[in-house]
Amino acid sequence: MSQLPLLTILLACPVLGLAGILATPARYPGAIRRIAAASGVAAAAVVAVLWLRFDPAAPGYQFVERVPWVPSLGIEWHHGVDGLNLPLLALTAIVFLTGVLVMWELAERVKEYFAFMTLLVIGVYGVFMTLDLFFFVFYYEVAVLPMYLLIAVWGSTRKEYGAMKLTLYLLVGTALVVPAALAVYWGAGAGSFDLTRLAAAHYGRGFQLVVYPFLFVGFGILAGMWPLHTWSPVGHVAAPTAVSMLHAGVLMKLGAYGILRVAMPLLPEGAHYWAQATAVLATVNIVYGAFVALAQTDLKFVIGYSSVSHMGIVLLGLSTLSEAGVNGAVFQMFSHGVMTALFFAAVGYLYDRLHTRDIGKLGGLSRTLPVASAFFIIAALTGAGVPGFSSFWAELLVFLATLRTFPVLAVIVVAALTVTLAYSIRVIVLAFFGEPREAHPGVADISAFLALPRAILVGFLLLFGFAPSLILNVIAPATRAFVRAVQ
């Protein structure tokens, strides 16, 4: 164990933030915002320390904390970090902090909003750092459940429908994951929920072939896997800005991470047996999401379906079970999380001022709102995989791995990526250039304060776009160990 329990300290940041928010009377919204922001800053600082002290060359997990909790059932407070979850902890810190700043002008039920948002982040941090399957499922539920209230109360555009649909789909995912997790626990015969011990246990081939699809599909629903993705665009559109940022930027990554951390290493024979089928599903994700995004007229729906397509790239990279593919998948999880947060932050500002997201009613925004428009255009270019932004390297790695493993699917994916470029250019041209289709008098460009969180997101997209080794050096050693383990 490291000298300081940094992971517990990290988890304590949003916990203390939540406690502070609950203890502050609702008539002090400014204090509540500052507590949420301070919680985000503190968590980001701890993640920065973890990143700086992390040794990519060291084998196994680092900063490990292990305390028995229910010994009779083999449940432990067991946390650790490797190159697969450290980038996702960083992603969570970035999106949470910028999400709090983006919602600084929120005036309705400020206390409840930031309380639920902070509770959600506690669950996300927990999922990404725990090495105990019981706590994995527990944190998973903590992260998912606040989403219903955040959308149903503070959302828009059929918010009750979007919240209920999201909840029902995610409950279906849980209904698949929980019995499969219990089956793994009993099947291992180790009397422990420790993921490292469960991964070392032997499971029969038949057991793996049957149980693996339960875990893959159960987690895949949260990752936006086709055809069980329909909750995702509807939820994105209905959610308020920061919740959309967390929803698409972080929450969908929990599903892909569950496949990476639980399903594949525990049941490697199942992963190999079903790899071709899951790769086909992922390719459908990419193609379907891109074509449907091309036909959308609502900016948020464009982003929602583009997320379905981009999460397909993550699932495809994982399905290759290769170093390049998994490197690309983890890189894409980080890159897509930051990019989508920027997307929704940009659209949120435009919708708050213009009261429309209809592409047909926009036009010429780059002249009237140049800075606010620039943020959306940068996100769109990142989504299109333009060199210079982080997504370029992530998609390139996944494509190269797919070319070696599933060459026919690789050709289809490349064709679909041209559609991604097409819908990005379409939205940029129609909404931000040309003549304005409707007048928007008195709408000012984004202020320096509200531009700050968006600029932070742009900074990370460019940083890892021009220096991909900064993140790949962290991911790659853990990926090599992962691929060796699942062979």
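1. A residue is called buried here when its relative accessible area is under 20%. By that criterion, in this predicted model, the buried residues of helix 10 are Trp 231, Ser 232, Pro 233, Val 234, Gly 235, His 236, Val 237 and Ala 238. Helix 10 spans residues 231–238, and eight of its eight residues are buried, so the helix is largely enclosed by the rest of the structure.

2. The surroundings of helix 10 may be stated by element. Its buried residues pack against helix 6, helix 7, helix 9 (205–222), helix 11, helix 14 (299–319) and helix 15. Several of these helices return in the points below.

3. The largest nonpolar core has 177 residues. Within this core, Tyr 113, Phe 114 and Phe 376 have the most contacts. Helix 15 gives the most to the core, with 18 residues.

4. Leaving aside residues up to four places away in sequence, Tyr 113 touches Met 103, Leu 106, Leu 150, Trp 154, Pro 240, Ala 242 and Val 243. Among these partners, Met 103, Leu 106 and Pro 240 are also listed with the residues nearest the centre of the second largest pocket.

5. The second largest pocket has a volume of about 470 Å³. Its lining comprises 24 residues, and those nearest the centre are Met 103, Leu 106, Pro 240, Thr 241 and Asp 352. Two or more lining residues come from each of helix 6 (146–154), helix 15 (323–354) and helix 20 (448–466). Helix 15 gives the most to this lining, with five residues. By residue class, the lining of the second largest pocket divides into 11 nonpolar, five polar and eight charged.

6. The largest pocket has a volume of about 620 Å³. It is lined by 33 residues, of which Tyr 61, Asp 82, Ala 481, Phe 482 and Ala 485 are the closest to its centre. The elements that give two or more residues to this lining are helix 8 (195–200), helix 11 (241–266), helix 12 (268–273) and helix 21 (469–486). The largest share, eight residues, comes from helix 21. The lining of the largest pocket consists of 22 nonpolar, six polar and five charged residues.

7. How many cavities of 30 Å³ or more does the model contain? The count comes to one, and the volume of the largest cavity is about 30 Å³. Its lining is formed by Glu 141, Val 144, Leu 145, Thr 167, Leu 170, Leu 171 and Thr 174. Helix 5 (133–144) and helix 7 (159–188) each give two or more residues to this lining, and the largest share, four residues, comes from helix 7. The lining of the cavity divides into four nonpolar, two polar and one charged.

8. Is Thr 98 buried or exposed? Thr 98 lies in helix 3 (residues 86–102). At 1% relative accessibility, this threonine counts as buried, because the limit for that class is under 20%. Apart from residues up to four places away in sequence, Thr 98 touches Met 245, Pro 453, Ile 456 and Leu 457.

9. Helix 15 is one of the elements against which the buried residues of helix 10 pack.

Definitions and conventions: Residues numbered from 1 in each chain as written. Predicted model: local features only at pLDDT ≥ 70, side-chain atom pairs only at ≥ 80, totals over all residues. Heavy atoms only, no water. 1 Å grid on protein atoms, 1.4 Å probe; cavity = no way out; pocket = protein on both sides within 12 Å on 5 of 7 lines; lining within 4 Å. Points joined across faces, edges and corners; volume = space filled by probe spheres on them. Nonpolar A, V, L, I, M, F, W, Y, C, P; charged D, E, K, R; others polar. Core = buried A, V, L, I, M, F, W, Y, C linked by side-chain atoms within 4.5 Å. Buried < 20%, exposed > 50% of the residue type's maximum accessible area, 1.4 Å probe, protein only. Contact = heavy atoms within 4.5 Å.
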